[in-house]
Structure formats: structure tokens, C-alpha cells
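Please keep the structure in view while reading.

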Amino acid sequence: MVFIGMDHGTTGISFAILDSDGEVLEVFKISREDSKAGRVSAIEEISKRVNLDDIELMVVTYAMGDGFNKIVPMDKVENRGILSIGGAGKVTGGGTSVYSEIEKSNIPVIMIPGLHKDCEFLDPLFRAAYSHHASPEKVSIVYNAYLETNWENMIVADISSNSVDLLIQDGQIKGAVDACCGAMGIVHGPIDLEMIRDIDEGKRTANECFSHAGAVRIANVDNKVAFMKNDLLKMYEEGNEDAKLAIDSMIMTVAMEIAGLIAVADEIDGIVLTGSMGSMKEPVDFEAELNKYFKNKYEMKIISSESGAIGAAQIAKDVANGKDNILGIDVVL
């Protein structure tokens, strides 16, 4: 038997396949554009790699995940588990196509909720401060970090198209700072005063501001989301001063956000870095640059940039084997 995890990411939809011993057999990704256009079928891609009848359980993460607050079967989730598609960044429809495919299949599927104000397992102060904290794949990222490190108390920093940092205490997720509130990512970032004025004056929508508020704004990079990171890094390697300023500024904001979470934590065993930027060594050694701010005070560990899909598959395996709580989130089958 095998277990599948799906990470509904910004630049593509990733899948991890785990065997019954917990070994990762394969991780693969399909683009949102290819899925939407019908050029690629998620079910067909999975069936090329495993017999569908051998899938004991699959875990799906989708969009904001703010329409439910427990880990439940897909057929128990209404409206794909979201309150609204608004404010979710760039919408392509590729993720929706994959969701529909999986929904129509005979694969046993459960879904992970996002972290939001209706999640009773979160610290009440975080729930009061923010309506939304993180999308569902951040839960699977944290689970992979938890299994990789055995740390009960940590900050997990997912730094990629957007940056989201999460606080884990006593093996449970207690809170997080969402991409529109705190640190910059490559593409997305917090909405500041200038953007609020643009929104009020009708120059741009809030979503348009959010989707161009990351490091790319500083370096004046404007392309499809899937290409923005490579464009920025190429400029950085060529010595472009705006690109260097952009990446250095992004790292500073991530350091500020992590430091803020450490300040409200009871205890910290270490900091886990992941995501396409967080796990990067070249041309930017993100760990080394971030550590300039923390001066090696905290142990740092890097996990796979595919931790979202891998962690989801690990959750599938453990739930199938009877685990009824994941990082504080109840499993209701």
C-alpha cells in the first residue's frame, strides 16, 4: 500500500508518494496552467507511478482551507473547504481542476484545514489578532519538520513565493503570521500604506497589491508567477543592485517575523527553514544570511523544499494507522 500527499502550492501542485515504511518513493509537480488547460491530468500522472487501488489514503491541501477546522474526509467538506476564493492571490483555476479530478476518483481522501480564527487549537491571542494565519499545506510542512527534527518547540519558516512563519509549542501549532501581514516572499508580501492608498483610489485591487508586494516589487520584476523567482535570481547573480536590495530586504523581514514569534514563545528548540528560498544554498545561502541576524543563537535545520507534499503523505500514513490528532488538529473520519 502507498500514501499520497498533495501540496496546493503557488507555482504548481506537488504530489509525494510514500510507501508503507514511510519512505518517499517520488515527488512530482504539475503546473497550474497545464492542469487548467487539460494538458495534464493529475489522476493520470499518479496512475503512471502507482496502481490507484494501492492507495490506502491521500491527503489534499487546497486554497485557504478556511471553511473547516478539523481533518476530515473530502466528501464531508463543503465548497472545497473555502469561504471565498477572494484574497487568495492569483487565481488560475488549475488547482480547482485537480481538486475536481480527485473528488471524482475512488481514491480515499482526507483534507487538512487552514489555520484561521475558527481553529480552537490555536492560541486565543493569535485567533483574536488575525482572521487567517496560514493555508493548509503549512500544516503538512510543519508535520514534516516535526518528524525530521523531533522538536516539540520551534519556528517553521516557509520561504518561497510567499513567506509564512509558524509557532509550534509542545508539539502543537499555536499560531502563525500570514503572508499578507508579515514578511515578504519572492512574489507576495504585506500591504503597506502606499498600497492602501492605491486601493482606496481604485488604482489596484487589494489582491493585485498583495500579489506584487514581495521582493519582486523592489527589483521591478514583472512576469508570470512561475518565472519571477528565476528572473530575480538571475538579476542577483548578474550583480543587479535592485535584486540584491530586494533579497536582502526579504531576508530582513523574515528575520523580524521569526524574532517576533520567538519573543512570544515559551521555549524554542530551533528554527526550521523550508520552501524554495528557505532551503536554498546557491546563489543565496538563506540560512547563513538569516543567521547574521540571529548570530547562531538558535539551531537551524533545513528540510526539503517539497516538505508540503511529503508532510501531507506522512499525515496520510499516520492517520491510516490510527493517529487521531495532528499537531493539535483533531482527525474526524
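Six strands make up an open sheet of mixed pairing, arranged in the order S3-S2-S1-S4-S6-S5. Strands here are DSSP runs (E) of at least two residues and helices are DSSP runs (H or I) of at least four residues, both numbered from the N terminus; two strands pair if DSSP finds at least two bridges between them. Strand S3 (24-30) and strand S5 (72-73) stand at the edges with a single partner strand each, so one side of each has no neighbour in the sheet.

The model is predicted: local features need pLDDT of at least 70 and side-chain atom pairs count only at pLDDT 80 or more, while totals for chains, interfaces and linings use all residues. Residues are numbered from 1 along each chain as its sequence is written, and side-chain values use heavy atoms, with hydrogens and water left out.

Attention now turns to another strand. Strand S9 (residues 154-159) is mostly covered, with six of its six residues buried; buried means under 20% relative accessible area, computed with a 1.4 Å probe and protein chains only. From S9, Met154, Val156 and Asp158 point one way, whereas Ile155, Ala157 and Ile159 point the other way, and all are buried.

Which strands does S9 pair with? Strand S10 (residues 163-169) runs antiparallel to S9 and is joined to it by six bridges. The two form a hairpin with three residues between them, and Asp165 in S10 is the bridge partner of Ala157. Strand S12 (residues 270-274) runs parallel to S9 and is joined to it by five bridges; in S12, Val272 is the bridge partner of Val156.

The view can now widen to the whole chain. It has 13 helices and 15 strands. The radius of gyration of the chain, taken over C-alpha atoms, is 19 Å, close to the 20 Å that the globule rule (2.2 Å times the number of residues to the power 0.38) gives for 333 residues, so the chain is as compact as a globular protein of that length. Along its principal axes, the C-alpha trace spans about 55 × 45 × 40 Å. Of the 333 residues, 55% count as buried. Among contacts (heavy atoms within 4.5 Å) between residues at least 6 apart in sequence, 65% join residues at least 24 apart.

Methods:
Buried means under 20% relative accessible area, exposed over 50%, partly exposed in between (1.4 Å probe, protein chains only).
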